[in-house]
Structure formats: structure tokens, C-alpha cells
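Dear colleague,

I am handing over the structure below, and I would be grateful if you could look through it before reading my notes, which follow directly after it.

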Amino acid sequence: MARVKDYGNAELEEKLQDTSYYADDANPQFLEDVKKLSRTAANMCFQCGTCTGSCPSAPRSSYRIRLFMRRGVLGLEKEALNDPDLWLCTTCYSCTDRCPRDLAPTDVIMAMRNLAFKVDIVPRNFLKTVQLIYKTGHGVPNNDVNRAARVKLGLPADPPTTHSYPEFIPGIQKIMDFYKMKENADRILSEGEQ
Amino acid sequence: MSGNMRQYAFFLGCIAPNRYPGCEAAAIKTSEKLGIELLPLKGASCCPAPGAFGAIDLKVWYALAARNLVLAEEMNMDITLICNGCYKSIWEVNHILKHNDELRDGVNEVLAEVDMEFKGSIDVWHLIELYYDEKICGVEKVRASVTRPLTGTKIAPHYGCHLLKPKKERHFGDTENPMWFEELIDALGAESVQYRNKMQCCGAGGGVRGFDLTHSLDITNEKLINVQEVGADAITEFCPFCQLQYDRGQVEIAEKFGQVYDLPVLHYNELLGLAQGMTPQELALDLHAVDCKTFLEKIL
């Protein structure tokens with residue numbers, strides 16, 4: 001019978017059976033959440049750095065997409081979500097097009113931003129867009145200067161969107177309320193003002 | 001309209017109708033001359049913005065984009081649009097929900113609350129790809145529609161990001177150095193020019209313009225330096241958000257960085273409108289932050 005290797009330490013044995021990374025603040029579930037939301041196999045990243053090398057935000061900030069990929073793999077949830085650089089990705093997808101592992105680092109960032117919002121970490125401008133869409137259906141609503149210009153062009157003063165058909169707005173609000181999005185946006189914005 | 005016209009539901013988005021209405025007017029008029037009729041998609045909303053909105057909750061992004069798609073499904077008509085950001089939301093959500101039952105069921109659960117159902121029965125196209133597509137229109141037809149060639153002008157193409165990228169999910173091929181947009185520009189009698197790092201982002205997307213304007217403008221500034229280096233008379237693109245970033249961005253760059261370019265920025269539909277004989281007034285070019293006068297003097 002083959003000899004079984006044994007370190008004689010039950011706690012260590014258990015750790016060796018578990019292939020998750022061990023750090024005090026690591027959360028293996030973070031990687032799983034990121035993978036599910038981003039629909040990419042984020043764990044396959046081998047840290048080549050092609051993503052950071054392709055990134056238009058990298059040369060002008062401390063934002064490093066490769067670092068966020070590593071944080072995902074290691075489950076360093078707090079470190080990733082609390083880093084304001086998370087919001088410097090322009091979502092240009094250059095990294096995604098060039099990734100030799102065929103991953104989508106851009107979508108990993110999007111997933112991490114989603115997870116950050118769940119714990120109330122989100123820049124104010126994002127929440128303002130939510131409020132505008134809730135109220136008008138548009139992230140960039142019409143204004144009087146533009147209405148006058150539209151009429152001169154022979155277009156209706158308001159486009160044939162929710163602006164001309166406000167009866168569609170309650171449906172949009174219902175969809176957003178289903179996910180409590182507006183409620184959360186209002187709460188986070190008002191807490192920030194206190 | 002005559003029976004030869006192809007009809008599409010025209011998804012407007014936000015920035016074209018609410019900031020650059022000339023793009024909307026031009027898209028309708030120029031397409032008509034190319035056999036494409038754009039019909040209003042009544043009650044459509046923001047796509048919603050993929051970077052600013054999808055970033056905080058993808059589920060709501062799927063559901064609101066699906067609502068816009070259902071409006072077109074009810075018209076039994078394919079959607080066309082003139083903005084890369086809208087393309088990312090509307091095309092991509094359509095694509096994802098057609099191929100992912102789990103997400104689709106989740107979306108339909110919330111759409112049921114507003115008596116809607118996503119069926120996946122239509123397709124989504126950027127107007128620029130319809131123009132390039134030989135089966136729909138094609139470069140030669142665009143060329144034939146020109147009555148006032150933009151001869152003697154040098155124009156820098158900006159492809160933007162979300163139409164072509166990520167390439168493995170799209171159908172536009174190469175994203176390192178594509179040349180098809182240049183064909184469409186040259187068809188107007190203008191000369192398209194190549195410049196350094198042509199495929200770089202304009203800097204506006206992902207909510208970065210709202211989050212850190214200086215950072216965002218610094219990316220734009222790099223592009224403007226590269227475009228100016230080759231002596232372009234104007235930039236053209238097919239995304240009103242890129243247009244806003246380059247156009248209003250130049251005013252902001254002058255304030256923040258002290259650099260002045262005076263480089264007119266025109267949506268391809270505005271450019272096509274000029275080439276088909278539309279006047280600057282019919283395109284509301286006076287709404288542009290950068291005066292288009294120098295460019296117009298070359299062609300009028």
C-alpha cells in the first residue's frame with residue numbers, strides 16, 4: 001500500500017486541501033462573483049501586462065488594470081473595491097482585444113464596479129445619471145436651446161422618445177424600482193451630503 | 001415611401017437628439033437618398049449608457065436596453081442607430097439575451113411587470129455599417145449620392161471603441177488598423193488621413209468624463225495632438241459622445257491646458273449631409289462648440 005504523506009498537522013492538512021489563496025483579508029467568493037458578472041474566466045489571467053500596456057488611462061494615472069486582475073484572482077475584495085482607480089477605465093476594450101488569454105479585463109472592471117455599488121462605493125456622477133434616467137428616460141435630457149434648434153431643423157421640439165411620450169416613463173421607473181436602483185442612488189447621494 | 005426603401009426603427013439615444021440635433025436631421029435626410037428610411041422608435045429611452053449605467057448594475061442595464069429592443073420588436077423592425085455607445089447597449093444586450101437563457105429569463109421576469117417580453121426577433125445595426133454593406137447600400141452608392149464633393153479637405157477618421165470592440169463578440173474584423181471608414185470618407189471626395197494611434201479612445205467613456213474630467217481630457221488632448229500633426233482640417237466619427245468629447249472638449253482643453261486646436265468635429269452623417277448639398281443651417285452646425293467656418297470655407 002502506498003505511503004500517505006502526512007504533515008501531522010490537521011489544520012495544515014486542511015489548508016493544503018483547499019486551493020484558495022490565503023490572506024487574512026482575501027475572499028475567494030469575490031473571484032467567483034467577478035467571473036459570474038463579467039462572463040469571463042478571470043482566474044485564467046497570467047499577469048503578462050498586455051492589458052496595462054494597451055490602456056489609455058494607464059500612462060496618466062496610477063490605474064493598472066493588471067493589478068485589478070490580480071486582486072480578482074487573489075480575492076482581494078476590499079483592496080479592489082476601495083481603490084478609486086477602479087473608476088478610471090474608459091471601457092475602450094483595447095485590453096480585451098489584445099489579451100493573449102482571450103479574457104475580457106474590461107468586463108472584470110465592470111463587474112467590480114457592480115460589486116462596489118452593492119456596498120455603496122460609487123462616484124456621484126454615476127448616481128446622477130441614474131436619477132436623470134429615472135426622471136426623464138434620458139441620461140442627457142433635452143433643453144430649451146436645443147428645442148429651439150430642433151424646431152429650426154424641422155424636427156419636433158422634443159424627440160419621439162420618452163420626451164414626447166412620457167407615458168412610457170412609469171414603466172422605466174418600475175424596472176429600476178424592481179432592482180431598488182433609484183432608492184439606493186438617492187440614499188447614497190443624500191448620505192454623502194450630510 | 002417607395003417600395004424600394006428599406007425601413008428601420010431609428011433609435012436616437014440621448015446626445016444626438018438632445019445636444020447635436022443636426023446628426024438626427026442629417027441621418028434621416030441622407031439615408032433617404034441611400035434607400036434607407038428611418039422611422040421613429042416611439043417611447044425609446046436612454047440606451048442606457050453602458051459605462052455610466054451598466055457599471056453600477058448590469059441587471060438594470062440589460063432590462064432597460066431590452067425594453068428599448070421590445071419597442072422595435074413590437075414594430076417588427078430592425079433597429080438602426082448612429083452612436084457607438086447606443087450600439088454597445090442595444091446591439092450587445094440583444095446579442096447576449098439571444099444566447100443566454102439565464103439572463104434572458106431574468107430580464108423577462110422584470111419586463112413582465114410592464115407587460116413586455118423580450119423575444120429576440122430583431123437585429124440591431126449601426127447606420128454606418130448599413131452604409132458600408134454592399135447588400136444594403138455600399139460605398140459606390142454613397143459616392144453616387146454626392147452632389148458637392150468635399151474636394152481638397154483632409155479628414156481624420158475616429159472609429160471610437162464600442163462599435164468594433166471587443167472584436168471577438170463583433171463582426172468588424174481587425175481593430176488595430178481598420179480602413180473601411182476611410183473608404184466612406186474618400187467616397188465624399190475628401191482625403192482621409194492616417195495619424196498616430198488612430199484607434200485610441202476619445203477619453204469620454206466608462207463614466208470617466210463625469211468622474212475625472214481632467215483625466216478624460218488628457219486622453220482627448222493626446223488624440224488632438226496626433227490629428228493636428230498630420231494637418232487634418234476636421235475629425236469625423238460616428239458617435240455623438242465622441243463628438244461631444246472632441247468638440248466641447250476643445251473648449252475645456254483650452255481652459256484647463258491652454259492648448260487651442262480649432263479643429264472642427266463632424267459626425268459622418270453631418271459630413272455626408274454637406275456632401276449631398278445640405279446647408280450648415282440644415283445641420284445646426286452653429287451648435288458645435290468649435291466653429292466649423294474654416295472647414296466650410298474650403299467646400300462651400
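**What was found**

A:Y93 counts as buried because its relative accessibility is 2%, where buried means under 20% relative accessible area, exposed over 50% and partly exposed in between, with a 1.4 Å probe and protein chains only. This is a predicted model, in which local features need pLDDT of at least 70 and side-chain atom pairs count only at pLDDT 80 or more, while totals for chains, interfaces and linings use all residues. Residues are numbered from 1 along each chain as its sequence is written, chains are lettered from A and ligands numbered from 1 in the order in which they are written, and side-chain values use heavy atoms, with hydrogens and water left out.

A:Y93 sits in the loop between α5 (77-81) and α6 (94-98) of chain A, helices being DSSP runs of H or I with at least four residues and strands runs of E with at least two, numbered from the N terminus. Its phi is near 70 degrees, a positive value in a residue other than glycine.

In chain B, B:A284 likewise has a positive phi, near 50 degrees; it lies in the loop between α12 (268-275) and α13 (293-299) and is buried, with a relative accessible area of 6%.

Two cis peptide bonds also deserve a mention: one joins B:C47 and B:P48, with omega about -5 degrees, and another joins B:K165 and B:P166, with omega about -5 degrees. B:P48 is placed in the loop between β2 (36-40) and α3 (58-75) of chain B, and B:P166 in the loop between β5 (154-157) and α8 (180-186) of chain B.

With kind regards
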